[in-house]
Amino acid sequence: MNPTYSPPTFMYEEAMASAIQVAVQLAADQDRYAALGAALRERAPHGTVTIARGSSDHAAGYMAYLIMARSGHLVTSLPMSLLTLYQAPLAMEQMLAISISQSGRSPDLVDPMQLLQNAGATTVALVNDATSPLAQAVGWTLPLHAGPEHSVAATKSFICSLVAGARLAAHWGDHQEFIARLHALPEALHEACQQDWSAAIEPLKNAHKLMVIGRGPGLAIANEAALKFKETCAIQAEAFSGAEVKHGPMALVDEAYPMLVFAPRGPTQNSLVALAAEMRGRGAHVLLAAPANVPSRDLTLATAPHEDLDPITAIQSFYLLVEAVARARGQDPDRPRHLSKVTSTR
């Protein structure tokens, strides 16, 4: 993965544009985020749910972790079929519902958010298309400002979703120092694009199966990486928490079993580095992604302005890797088989 080489795929170009689009987002809607944060502090919701699919659900998981860790409000991912298919009698009044979407057009996002809005919930959409049906269905629209995205594999829209979720969490808790540090994120994303992860291409070029490990706010990134391996490379990749992999999944590990471990800064790092060493001892082919001060790393993670933002710079470097792996395997990362940019489900 040569940082100076720009292959002609939308996925590569869009991933490389993430820093620019994040800067656009951070310069916009500051009053709107502040007003939403103040409203949530003034009238705390009785419960908070996220409504999203695929990559957007991974972004919701990252946001939920920040909200729970920083502000103490419990957040859960709502199975949309409870409303769209089962018509479950959920207590929706005075709830907070946050939906994340690139297109904002899938009925299984729009319909539940409309129901929640009509029932008296506070509804928020982090959405790239601010004119979409989802944006029209909610009380608060927070545009992602990712710009048009042509590759089926989401990259810059996912990164902008992570940033928007971090902004929402920060403003809800009125964490001014964290809000200030967010504005240095574009520079960190530029640095992440310069990390050379090409050593991982050959081990993954012929892989048929793969584990991706993360923990804490980094688990959302492991889930996203596993999805992208499936989507762009046709590798059966599964994500696990570093705390859960020993509860059964470890039985799959045999000689040269490929394993990508994300170990960004923070309370989970030491356990993830130790897990990588243990898995190497069991014969796995481990690719440990960690900051430059971790001697046992295989791939270098660029650090962000705050350790809670490290997962964002991690996925930035990963996207350039997985695009290169897909091409090495003869795949078109822009047009994965059986998939389309907008998925419509109920």
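Reply: Gladly; we will begin with the sheet and then turn to the charged pairs.

This is a predicted model, in which local features need pLDDT of at least 70 and side-chain atom pairs count only at pLDDT 80 or more, while totals for chains, interfaces and linings use all residues. Residues are numbered from 1 along each chain as its sequence is written, and side-chain values use heavy atoms, with hydrogens and water left out.

Me: In what order do the strands of the open sheet stand?

Reply: In general, strands of a sheet pair through backbone hydrogen bonds, either parallel or antiparallel. Here 5 strands form an open sheet with parallel pairing, in the order β7-β6-β8-β9-β10. Strands (E, at least two residues) and helices (H or I, at least four) are DSSP runs numbered from the N terminus, and two strands pair if DSSP finds at least two bridges between them.

Me: Which strands stand at the edges?

Reply: β7 (236-241) and β10 (299-300) do; each has a single partner strand, so one side of each is left without a neighbour in the sheet. For β10, the pairing with β9 (residues 285-290) is parallel over 2 bridges, and alanine 290 stands opposite threonine 300 in β10.

Me: Which helix lies across β6, β8 and β9?

Reply: Helix α13 (residues 269-281) does, running at about 165 degrees to β9. Such angles run from 0 to 180 degrees between N-to-C directions, with axes fitted to C-alpha atoms, for helices over the stretch in contact; contact means heavy atoms within 4.5 Å.

Me: How many salt bridges are there?

Reply: Side chains of opposite charge can pair when their charged atoms come close. The rule asks for a side-chain nitrogen of Lys or Arg within 4 Å of a carboxyl oxygen of Asp or Glu, and the count comes to 10 salt bridges.

Me: What does aspartate 298 pair with?

Reply: Its partner is arginine 280, with the closest N and O atoms 2.3 Å apart. This pair links distant parts of the chain, 18 residues apart: aspartate 298 is in the loop between β9 and β10, and arginine 280 is in helix α13.
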